[in-house]
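Please keep the sequence and the structure in view while reading.

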Number of protein chains: 2
Amino acid sequence: MTTHRAASPSLIDVARAAGVSTATAGRALGGYGQVRAGTRERVLAAAAELGYRTNGLARSMITGSTQTIGVVVTDVANPFFATALRGVTDVVQPAGFEVLLANTGSAVEAERRAITVMSEKRVDGVIVAAAQPSQGAHLKHAIDLGVPIVLLDRQVAGVADADSVTIDNEQAAADAVAHLLELGHRRIGVVTEAGDRLAGLRGAGNRRKGLFPSAVRLRGYLRAIGAAGLEIDEGLIGSARYDRDSAYDATIRLLARDDPPTAILCTDNVLASGAFRAAQDRGLRMPDQLSLVGFDDEPWTTLVRPELTIVEQPTYDLGTRAGRRLLDRITGARDGRTVHVQLQAKLLVRGSTGAPAAR
Amino acid sequence: MTTHRAASPSLIDVARAAGVSTATAGRALGGYGQVRAGTRERVLAAAAELGYRTNGLARSMITGSTQTIGVVVTDVANPFFATALRGVTDVVQPAGFEVLLANTGSAVEAERRAITVMSEKRVDGVIVAAAQPSQGAHLKHAIDLGVPIVLLDRQVAGVADADSVTIDNEQAAADAVAHLLELGHRRIGVVTEAGDRLAGLRGAGNRRKGLFPSAVRLRGYLRAIGAAGLEIDEGLIGSARYDRDSAYDATIRLLARDDPPTAILCTDNVLASGAFRAAQDRGLRMPDQLSLVGFDDEPWTTLVRPELTIVEQPTYDLGTRAGRRLLDRITGARDGRTVHVQLQAKLLVRGSTGAPAAR
């Protein structure tokens with residue numbers, strides 16, 4: 001993969017043209033160490049003549065900082081991560097840091113490789129939205145080697161010394177369910193990716209680490225239902241994969257029950273779009289015959305009729321806060337403690353939620 | 001900004017611990033040059049003991065390749081660029097390249113800085129969605145210094161030696177207008193960001209360089225209207241900024257004409273969402289009272305009623321093709337010619353377009 005670019009002269013070429021040693025040429029171009037004025041001028045003239053590019057690698061080896069941070073996400077094409085990433089870049093670029101990006105496709109092995117490569121490239125720190133929050137050994141290893149890490153959107157099991165910036169997903173889901181309870185709903189369904197985690201969640205206490213946001217949200221649903229004195233009805237928990245069609249099917253199944261839910265919470269935006277479509281296809285009037293709550297203020301949620309009630313996540317802020325925290329770590333402006341920032345989401349009530357129709 | 005990390009030992013530390021010179025330690029750890037077996041073992045043991053990270057910077061200085069490419073976009077939070085970026089990473093990561101990302105916010109100065117920094121960091125090449133396609137001097141400068149550049153989504157004036165991967169936006173818009181003409185529409189409006197470019201576009205011949213996609217699309221509209229033997233009615237060209245509210249206002253103005261358009265083409269997704277909303281608020285039945293065409297197969301376009309007819313861009317492929325082209329350039333597998341790849345978009349006809357109602 002290594003190629004010689006004729007158009008890209010090396011330090012050696014510059015040194016030869018200026019008639020000095022490579023070390024002298026390096027000092028003259030890098031602006032460090034002792035070089036006589038006349039020599040420096042000769043080197044700079046040779047560099048300009050040859051079209052030599054300042055070598056940031058050499059500078060980084062000397063200063064110990066690459067002015068680069070890594071950002072590792074599962075899928076940059078997901079609007080959630082794209083928006084958070086924008087938040088990160090908006091903070092770190094003005095501070096003089098560049099962003100090295102890696103996509104993992106939610107594969108731990110890809111994440112491990114990305115962290116290793118970034119560490120070798122001597123990034124000054126890494127922001128990670130973990131592929132699998134239950135698996136953090138490689139993150140702990142990187143931290144032990146001195147790489148500051150800020151966890152984004154999900155806390156990771158076994159990584160005690162990483163800061164984290166997450167959204168209070170349990171409270172967000174509980175707020176949405178409380179809204180539905182207040183409207184008079186008693187059979188409240190949920191369409192979730194975390195249906196298979198149900199047993200563990202019901203007995204899990206307050207443990208947040210190691211869980212995907214979808215599982216934390218399901219726990220918020222369970223907590224709110226329980227707090228209202230209602231029994232958890234497992235038949236109201238619709239399991240779906242992270243795609244619209246799967247959520248559509250799960251919703252159709254919930255609606256086909258003898259006692260269908262009068263309201264459904266969807267634990268993210270893609271699932272909500274499938275559930276909305278299922279309600280449309282079944283010809284259900286919202287909110288009379290079905291109330292629906294989703295996550296994220298995506299464009300479609302105010303273009304459909306009725307407009308969708310949603311939990312608005314501070315996604316951009318998630319990125320800016322993570323970026324700022326990492327810069328603090330890198331520049332040493334931390335107080336030594338590991339910090340866990342939890343941002344609050346906000347319920348935006350729109351036309352898709354209302355009182356259940358009288359039966 | 002430079003800090004000393006106690007936890008990050010340097011090559012010097014390793015050399016000292018192993019009792020060898022820094023050069024020897026570097027050769028032992030980098031796996032290049034001559035080192036005696038016993039010495040290599042001592043160095044590796046010292047490195048393990050100290051928790052020394054392999055230094056990719058040193059390796060890069062020797063090999064001349066950083067195995068890194070730059071990607072410069074105007075806004076990574078825009079689903080279009082987020083999806084294209086995913087395409088790039090899906091191609092280059094498996095080939096062993098990392099992605100250095102920069103956001104420019106459409107500011108040429110930010111783009112210039114990003115290109116300079118990336119060049120100093122010795123990226124092996126850069127993919128650029130230019131902030132201002134009319135301004136390419138800094139890109140030309142980087143190419144002259146030996147940095148391979150592939151232009152993404154927009155060709156740039158004055159940059160002859162860069163490959164480009166774009167979508168045939170002129171044909172895409174012309175196809176959409178041809179569809180509306182076939183349905184019987186004669187007063188076809190357009191909501192566009194490029195309204196102020198109208199005069200230039202009407203006389204511009206076939207020049208594509210230096211134009212934003214929105215302007216190229218407007219030219220496609222003009223071409224299709226002209227090809228049908230219709231006069232260009234400037235009153236049917238609604239200018240909007242790149243946001244939903246502005247497109248909403250532009251659409252309301254078009255619909256308030258004495259002879260309103262029976263169909264409207266929106267030159268991108270955000271503008272289409274504003275136009276759709278305006279049609280909803282004005283109580284217009286689509287497609288009878290208004291046909292509407294947008295760009296991009298975003299989730300909302302199939303959740304609204306009627307579903308929106310759209311031009312589907314091969315956005316992900318745009319990224320993969322750009323990534324592949326840049327890898328070809330970097331690895332020398334190019335034939336010397338500059339290549340301009342133009343991908344074709346596809347019209348997806350849905351419920352929002354139909355024959356105009358008889359008057």
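This is a predicted model: local features need pLDDT of at least 70, side-chain atom pairs count only at pLDDT 80 or more; totals for chains, interfaces and linings use all residues.

Strands are DSSP runs of E with at least two residues, helices are runs of H or I with at least four, and both are numbered from the N terminus. Four bridges link β1(A) and β3(A) in the parallel sense; two strands count as paired if DSSP finds at least two bridges between them.

Towards β4(A), A:I127 has A:V150 as its bridge partner, and β3(A) pairs with β4(A) in the parallel sense over three bridges. The chain passes from β3(A) through helix α7 (residues 137–144) of chain A to β4(A), a right-handed β-α-β crossover. Right-handed means that, with the strands pointing away from the viewer, the path from the first strand over the helix to the second runs clockwise.

## Two covered faces

In a regular strand, side chains alternate between the two faces of the sheet. In β3(A), A:G125 and A:I127 on one side and A:V126 and A:V128 on the other are all buried, that is, under 20% relative accessible area (1.4 Å probe, protein chains only).

## The sheet across both chains

An open sheet of 12 strands with mixed pairing has the order β11(A)-β5(A)-β4(A)-β3(A)-β1(A)-β2(A)-β2(B)-β1(B)-β3(B)-β4(B)-β5(B)-β11(B). Its edge strands are β11 (340–343) of chain A and β11 (340–343) of chain B, each pairing on one side only.

## Basis of the description

Residues are numbered from 1 along each chain as its sequence is written, and chains are lettered from A and ligands numbered from 1 in the order in which they are written. Local features need pLDDT of at least 70, side-chain atom pairs count only at pLDDT 80 or more, and totals for chains, interfaces and linings use all residues, while side-chain values use heavy atoms, with hydrogens and water left out.

Methods:
Buried means under 20% relative accessible area, exposed over 50%, partly exposed in between (1.4 Å probe, protein chains only).
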